[in-house]
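Here are my notes for your first look at this model. Keep the structure open beside you and check each point as you read.

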Amino acid sequence: MKCLLDATSVKVLARAIHCLAKIGDELHIEPTENGLTLKTVNASKSAYSAFNFHLPFFLDFCHTSENTVQADPDEDTVIKCKLPMKSILSVFRSIGSLDKSVETCNITLPLLEALLIIEFKCKHGIIKHFNLRYFECESVEAEFCKSGYASKFSCSSRFYSETLLSFHSSTQEVTWSLAMDQVHLSNHIDDEVDPSKCVRTEVTLAKDEFVDFNVALCTQVTFCLKELRAILAFAEALKLDLDCRMEGAGQPVLFSLEKTDLYSADFLLATLTPALDSSATNSRTINNPKKNDVSTQSDASKHSSPVPILRNKADSRTASCANLQTTLMANVPESPCHTPRLNTLSLIEPQLFPAMEDNLDFEMQPPPPKRARARYIFQNCLKATQEVREIRCEVFAPDSEGDE
């Protein structure tokens, strides 16, 4: 892969990388014939983000580099790799200085060298060269259909940012209640916390304040606020409108933005399950957990919705899990005070540790106390005298005659 960007595009690319860094710890790079795709997934796999940069965004773009032209034609010549966010952030550290100092940016992804080569041509003939080590991997995808969501509304990103200023910075989750003529936002409070000791914040947005408002299903969803702030930071800096698509409680929320013919971005956020969105439903779960579990599964099977599937193409086990729905509740322990968090967008089965044999008995002896170890170490040093043993050895240099 080889691409060339001007100063304006470099600044947009840097903002996209900073946005993805607030969501995940690894950056997935996937060049295609139609452009460049940057993806990330957070550690809990409850948030998926993807930026698609189209061909007009670049001055020059080629998804195969010079080294891959002479490679084996039977092999895949498109490199799909990932690298840590910390390494790529060290290159695009200061967004403001990139626009002022950088004239062009050349990014190369050779096949024979496991390096991501970034070269900045700055003013006054200064050239900055960066070599970042990457790891080859398969692409991570989330399959979803934008047209399958029941509700869609869009508004300017600045309007969303001003709305979220009403919430405290320590707020982790926010609840969106959709109605036919308004959207109601409130901070989510767990049932374990005493409501009298918490600050309740509620904001109501009228229908006229949105650019496009189409709500076909009155529902209530709860998702994390951290990823939404990262999305708004990118969209507000570029003055873009943000589209929001929602289905129902327990179904993922899709935020998307687009700059005509240049780039687009999709952000998929997991939500809380329906049984955990309200205290009334939570109390029914505690009283009759088996009945509630069966009803939750039956409701999920009745309503068909665009449930995304986050999968890895290289993992063959995901083929058997592709038909599963992410709305089904996880195994809840018997303790009523345990509250599961957000659903996961991933259906990849975790690799379990091999079972230990029962006949292996390990005897773990506790370490000696610190005082005992100190006495053992220094007991020879504290002795009044030391034993001196006479050792016979051959003398190679005898004493001179003048020494007595």
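**Notes on the predicted model**

1. Start with a helix on a sheet. This is a predicted model. Helix 1 (residues 7-21) lies across strand 1 (2-6), strand 7 and strand 8. The helix runs at about 105 degrees to strand 1.

2. Five strands form an open sheet in the order 5-1-7-8-9. Their pairing is antiparallel. Strand 5 (60-62) and strand 9 (127-133) are the edge strands, as each pairs on one side only. From one strand to the next, the twist averages 15 degrees. As background, the strands of a sheet pair through backbone hydrogen bonds.

3. Zoom in on one pairing. Strand 7 (residues 102-108) and strand 8 (residues 115-122) run antiparallel, and six bridges join them. Which residue of strand 8 stands opposite Thr 104? It is Lys 121.

4. Turn to the aromatic rings. The structure holds 21 aromatic pairs. Take Phe 51 and Phe 234 as one of them. Their ring centres are 4.9 Å apart, and their planes stand at 75 degrees. Planes over 60 degrees apart count as edge-to-face, so that is the label for the pair of Phe 51 and Phe 234.

5. What does this pair tie together? Phe 51 lies in strand 4 (residues 47-54), and Phe 234 lies in helix 6 (residues 225-237). The pair therefore ties together parts that are 183 residues apart in sequence. Are the two residues buried or exposed? Phe 51 has 0% relative accessibility, so it counts as buried. Phe 234 has 2%, so it counts as buried too.

6. Here is another aromatic pair. The rings of Phe 153 and Phe 210 have centres 5.5 Å apart. Their planes are at 75 degrees, so this pair is edge-to-face. It links distant parts of the chain, 57 residues apart. Phe 153 is in strand 12 (residues 151-156). Phe 210 is in the loop between strand 15 (202-206) and strand 16 (212-214). Both Phe 153 and Phe 210 are buried.

7. Rings also gather in a group. One aromatic cluster is formed by Phe 51, Phe 53, Phe 57, Phe 58, Phe 61, Phe 234, Tyr 263 and Phe 267.

8. Helix 6 has 13 residues. From its first C-alpha to its last it reaches 18 Å, close to the 18 Å expected at 1.5 Å a residue. Which residues of helix 6 are buried? They are Leu 225, Glu 227, Leu 228, Ala 230, Ile 231, Leu 232, Phe 234 and Ala 235. Keep one rule in mind: an α-helix has 3.6 residues a turn, so residues three or four places apart point the same way.

9. Check the backbone next. Most residues other than glycine have a negative phi. Just after helix 6, Lys 239 takes a positive phi of about 55 degrees. Lys 239 sits in the loop between helix 6 and strand 18 (241-246). Its relative accessibility is 77%, so Lys 239 counts as exposed.

10. Finish with Asp 261. Its phi is near 65 degrees, a positive value in a residue other than glycine. Where is Asp 261? It lies in the loop between strand 19 (253-259) and strand 20 (263-269). Asp 261 has 53% relative accessibility, so it counts as exposed.

Note on methods: Residues numbered from 1 in each chain as written. Predicted model: local features only at pLDDT ≥ 70, side-chain atom pairs only at ≥ 80, totals over all residues. Heavy atoms only, no water. Pairing = 2+ DSSP bridges. Helix = DSSP H or I, 4+ residues; strand = E, 2+ residues; numbered from the N terminus. Axes fitted to C-alpha atoms, helices over the stretch in contact; angles between N-to-C directions. Contact = heavy atoms within 4.5 Å. Phe/Tyr/Trp six-rings, centres within 6.5 Å; stacked < 30°, edge-to-face > 60°. Buried < 20%, exposed > 50% of the residue type's maximum accessible area, 1.4 Å probe, protein only. Expected span 1.5 Å × (residues − 1).
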